[in-house]
Amino acid sequence: MTKVLTDARSIRIKGRSFLAVMLSPDLPFDDWLVRLDDLAARSAGFFLGRPVVLDVTDLPIDRKQLKELISELAARNVSIMGIEGGRPSVLGPGMPPALKGGKPISDFDLPNQEATAAAPEAAPVQAESRPTLQSIVIHEPVRSGQSVIFPEGDVTIIGSVASGSEIVAGGSVHIYGTLRGRVMAGSLGNASARIFCRKLEAELVAIDGIYKTAEDMAPELHGHSVQLWLEGDAIRAEKLI
């Protein structure tokens, strides 16, 4: 019997771009997971609700090892949305899909020239911009639970960044207030990016993937105007006069 479809309603399918965190584990996984646990312990909620892509490019692992790693991450509330660089032999049913073609910059002509931080109850949103724009200015404090994400360039905050909030910038970050939350500058591989704040009380700072938590920061910097930069594989900091 042939069934004739008469309902004219269509299924809406759209493309959309999202910013995800890339995790690039190294062997042995046990040691790498210890370092991951250390980061999670010192920056509570860092991975909570955040899309994560697992990069296993050039790792000499089999399907069993990959499944065990994904299971270990799931036990830590790290949900893997996709796998990049995985050979077909290590992927299979029941695993996150293979991803490829990820780009470190935006390919889209986005309409707004100024970022809007997400409301505390909403999911983090990517600041929208035109590709020619190299910086944005947020004219208000960033409250707990909010995210400002701007991979195209520098971010300037006229106000404070509260605990539990975050700023992610492709370039440098300037905060004309107290930094209590998390700031990630040079998020797309810009090792020359810097972080400037009027008063340092940060939960976590990172430049080009190298991070430092509150416990790692020199006590004499706490509460002072500070600039931070990357030197080799270490974050350096000094007071601003």
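**Ile167 and the cores**

I started at Ile167 and listed what it touches, leaving out residues up to four places away in sequence: Val142, Val148, Val155, Ile157, Val161, Val173, Arg182, Val183 and Met184. A contact here means heavy atoms within 4.5 Å. This is a predicted model, where local features need pLDDT of at least 70 and side-chain atom pairs count only at pLDDT 80 or more, while totals for chains, interfaces and linings use all residues. Residues are numbered from 1 along each chain as its sequence is written, and side-chain values use heavy atoms, with hydrogens and water left out.

Next I looked up the largest nonpolar core, which has 28 residues. Ile167 and Leu179 have the most contacts inside it. For a nonpolar core I take buried Ala, Val, Leu, Ile, Met, Phe, Trp, Tyr and Cys residues joined through side-chain atoms within 4.5 Å. Buried means under 20% relative accessible area, exposed means over 50%, and partly exposed is in between (1.4 Å probe, protein chains only). I also found a second, separate core of 21 residues, including Leu33, Leu36, Leu59 and Ile83.

**The whole chain**

I counted two helices and 16 strands. Both kinds are DSSP runs numbered from the N terminus: helices are H or I with at least four residues, strands are E with at least two. Of the 241 residues, 38% count as buried. I get about 14000 Å² of accessible surface for the chain, and 53% of that belongs to carbon and sulfur atoms. Accessible areas come from the Shrake-Rupley method with a 1.4 Å probe, and for residues only the protein chains shown count as cover.

**Salt bridges**

How many salt bridges does a search of the whole structure find? I got eight. The rule is a side-chain nitrogen of Lys or Arg within 4 Å of a carboxyl oxygen of Asp or Glu.

I checked Asp37 and Arg76, and their closest N and O atoms are 2.6 Å apart. That pair links distant parts of the chain, with Asp37 in helix α1 and Arg76 in the loop between α2 and β3 (80-84), 39 residues apart. Asp37 counts as partly exposed because its relative accessibility is 32%. Arg76 is partly exposed too, at 28%.

Then I went to Glu166 and Arg182, another salt bridge, with closest N and O atoms 4.0 Å apart. Glu166 lies in strand β9 (residues 166-169) and Arg182 in strand β11 (residues 182-185), so the pair ties together parts that are 16 residues apart in sequence. Are these two buried or exposed? I found Glu166 buried, and Arg182 as well.

Lys199 and Glu201 also meet through their side chains, at 3.6 Å from N to O. I noted as well that salt bridges with shared partners join Asp37, Glu72 and Arg76 into one network.

**Strands and sheets**

I traced an open sheet of four strands in the order β1-β2-β3-β4, with parallel pairing. β1 and β4 (98-99) stand at the edges with a single partner strand each, so one side of each has no neighbour in the sheet. Strands pair if DSSP finds at least two bridges between them. β1 and β2 have three bridges, and Val21 stands opposite Val52 in β2.

Strands β13 (residues 204-207) and β14 (residues 210-213) run antiparallel and are joined by four bridges. In β14, Lys212 is the bridge partner of Val205. Thr213 is also in β14, and it counts as buried because its relative accessibility is 0%.

Reminder to myself: most residues other than glycine have a negative phi, and most peptide bonds are trans.

Which bond did I find to be cis? The peptide bond from Leu27 to Pro28 is cis, with omega near -5 degrees. Pro28 sits in the loop between β1 (21-23) and α1 (29-42).

Asp58 has a positive phi of about 70 degrees, although it is not a glycine. I located Asp58 in the loop between β2 (52-55) and α2 (63-75), and it counts as exposed because its relative accessibility is 73%.

Asp208 has a positive phi as well, near 50 degrees. Asp208 lies in the loop between β13 and β14, and at 30% relative accessibility it counts as partly exposed.
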